[in-house]
Amino acid sequence: MESGAQFRKWMRIIHRELSYVFAGTLLVYAISGIALNHKATFNSQYTINRSEYSLPADGSVDEWLALCGMSGKEIQHYHPDSATLKVFLKGNSTLTVDLTTHTGVLEQVKKRPIFGSLSNLHYNIPGKAWTWFSDIFAGAIVLVVLTGLVMLKGKHGLCGIGGVEFAVGILIPLIFMFL
């Protein structure tokens, strides 16, 4: 077997094995990356539920919280202005009361169980071991790309249409970076 064919054979083996090993990680990163790309319309970390309540004018903070089903959850409250009372609750939730109309808006914040954890990977929150793993993963992705580039020869390889497609793939993010 000629040395070029032997080289491409090893590139296919490395490409295949690394692709299988890291396919799951790549899928997780891709899904959480899509969620993070849409931060303006989708909060991958938390869900925020807003509920409006009509509150009695002569009620106290404790009575208002009871009406909203939040008894015993107050941390503190303050008046940002003379017409508003803001109550901070356990679990990052808040009750904002309009003292002129006696309406309250309860915002309940809950951590998203799956997307929240997945997006933490992008922020490197899991710690030092995750940093090491993600560096290895990034290196493996570079190897998968490089081995994929040299597997084919001829008009479909890097010296043919494959090279043109590779250049286009590099140009796309560069164009977005500079626009």
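## Terms and basis

A residue is called buried at under 20% relative accessible area, exposed at over 50%, and partly exposed in between, using a 1.4 Å probe and protein chains only. This is a predicted model, in which local features need pLDDT of at least 70 and side-chain atom pairs count only at pLDDT 80 or more, while totals for chains, interfaces and linings use all residues. Residues are numbered from 1 along each chain as its sequence is written, and side-chain values use heavy atoms, with hydrogens and water left out.

## The sheet

Five strands form an open sheet in the order β1-β5-β4-β3-β2, with antiparallel pairing. Because β1 (46-54) and β2 (74-81) are at the edges with a single partner strand each, one side of each has no neighbour in the sheet. Strands here are DSSP runs of E of at least two residues, helices are runs of H or I of at least four, and both are numbered from the N terminus. Two strands pair if DSSP finds at least two bridges between them.

Strand β4 (residues 93-98) runs antiparallel to β5 (residues 103-111), and five bridges join the two. Val97 has Gly104 in β5 as its bridge partner.

## Helix α3

In helix α3 (residues 115-122), the buried residues are Gly116, Leu118, Ser119, Asn120 and Leu121. Their cover includes α1 (3-37), β5 and α4 (128-150), where contact means heavy atoms within 4.5 Å. After α3 comes Asn124, with a positive phi near 60 degrees.

## Helix α5

Ile175 lies in helix α5. Its relative accessible area is 47%, so Ile175 counts as partly exposed.
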